[in-house]
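Have a look at the model first.

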Amino acid sequence: MASHVRGLQFSTATPSPALLAPQPLDRRSPAKSVKYRRNRGRGGSVACRSSLVGEQQEASPFTDPEAQLIEALIGIQGRGRSATPQQLQDVERAVAVLETLTGVPDPTSSDLIEGRWQLMFTTRPGTASPIQRTFVGVDVFSVFQEIYLRSNDPRVSNIVVFSEAIGELKVEAAASISDGKRILFRFDRAAFSFKFLPFKVPYPVPFRLLGDEAKGWLDTTYLSESGNLRISRGNKGTTFVLQKLTEPRQLLLSAISTGKGIEKAIDEITTSSKNKGDSELELVEGEWNMIWSSQMETDSWIENAANGLMGSQIVKKSGQLKFIVNILPGLRFSMNGSFVKSGTNAYDVTMDDPAIIGGPFGYPVEMETKFKLELLYTDDKIRISRGYNNIVFVHLRVDGMK
């Protein structure tokens, strides 16, 4: 089944004083899977299983304040680079709440800080080192940070994984513990590891000649008691949110950004929703941007637009639906219609009022399309549905998401 991604980005790594994160859990960590609280369009919350990046294992639940931070991160592109002012405010508020809580009292003294962490968000994705400027705001790469303090050679490493087929860049720093929260480090080596080469390629940075520029510190301001979530602040004023365990929606957005494992991620979310008894799903009002479909677009852009295969949708409580596709700057396709509930999770959709709009002028187009829309999963931020011609769609809410 061919798949189509619509303008969704995610990101990668950097050798700057503070980043990075995990796919698999650290070997010394117990197998874990997660429960999280998810606000439905109709209110309330449910528990839902999650998995490690790449694995599904039983784990401790995120606390409610931790779940609020994860909820705020959903839909933010470029690990913060493309965040709206409202999204940044929501993240900062959730971070501030966690930093006032206890968590693990002395993070640097805890085994929970060790292992591989995945970078989910940074307040300065386009600043600091060249690697950070180049990779961190690009969602197609994965960015990680490894911390190993209890060894003969304590280290903090920042890792950018380009893909499983290509390889990674690893930037390492010698580390030491300053106090219960602070790690001191000095970058001293870096190399590319390409799958198609039997040797590592040195990263051309003369760390020994950089002096204090190669040094830094990293404060952990919050470490969850489950060891799944960490908030850190670096010496350049950057805030980082890192996770060892990710929840299903994060996995889906990551899969869409890389173009791999999308169907599997969708199946995990929809199956989990069914298992939790989420039988009554409703179309949530707001503006929704299509970020993926299970079928490529056809040659006719106007047919794609009329069938919801591109652009955004505006859902209104009144039962009104609008498709919008930006054709060129100042020129867009707009199509109005309506939806009527026809089953537990199904709607009959009729789109019959299309027009091409340029500035204050509109040119009517004669066409009509009807299809059945089935909701497979929905909350206030992500919607998975089956629509025209049984195509599966993933939509992301973009209108100042709740």
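What follows covers the helix packing and then the aromatic pairs.

This is a predicted model, with local features taken at pLDDT of at least 70 and side-chain atom pairs only at pLDDT 80 or more, while totals for chains, interfaces and linings use all residues. Residues are numbered from 1 along each chain as its sequence is written, and side-chain values use heavy atoms, with hydrogens and water left out.

Let's start with the helices (DSSP runs of H or I, at least four residues). The axes of α1 and α2 (lines fitted to C-alpha atoms over the stretch in contact, with angles from 0 to 180 degrees between N-to-C directions) come within 9 Å and cross at roughly 160°. That makes the two helices, α1 and α2, roughly antiparallel (the label for angles over 145 degrees).

Here's who touches whom, with contact meaning heavy atoms within 4.5 Å:

| Helix | Residue range | Residues in the contact |
|---|---|---|
| α1 | residues 64-73 | P65, E66, Q68, L69, A72, L73 |
| α2 | residues 85-99 | D90, V91, A94, V95, V97, L98 |

Now the rings: the structure holds nine aromatic pairs (rings of Phe, Tyr and Trp, its six-membered ring, with centres within 6.5 Å). One of them is F162 with F192, stacked (planes under 30 degrees apart) at 6.3 Å centre to centre and 20° between the planes. F162 sits in strand β7 (residues 155-163) and F192 in strand β9 (residues 182-194), so this pair ties together parts 30 residues apart in sequence; strands are DSSP runs of E, at least two residues. Both F162 and F192 are buried (under 20% relative accessible area, 1.4 Å probe, protein chains only). Ring pairs also link F141, F162, F192, F194, F196 and Y203 into a cluster.

Methods: Angles under 35 degrees count as roughly parallel, over 145 as roughly antiparallel, 65 to 115 as roughly perpendicular and the rest as oblique. Rings of Phe, Tyr and Trp (its six-membered ring) pair if their centres lie within 6.5 Å; planes under 30 degrees apart count as stacked, over 60 as edge-to-face and the rest as tilted. Buried means under 20% relative accessible area, exposed over 50%, partly exposed in between (1.4 Å probe, protein chains only).
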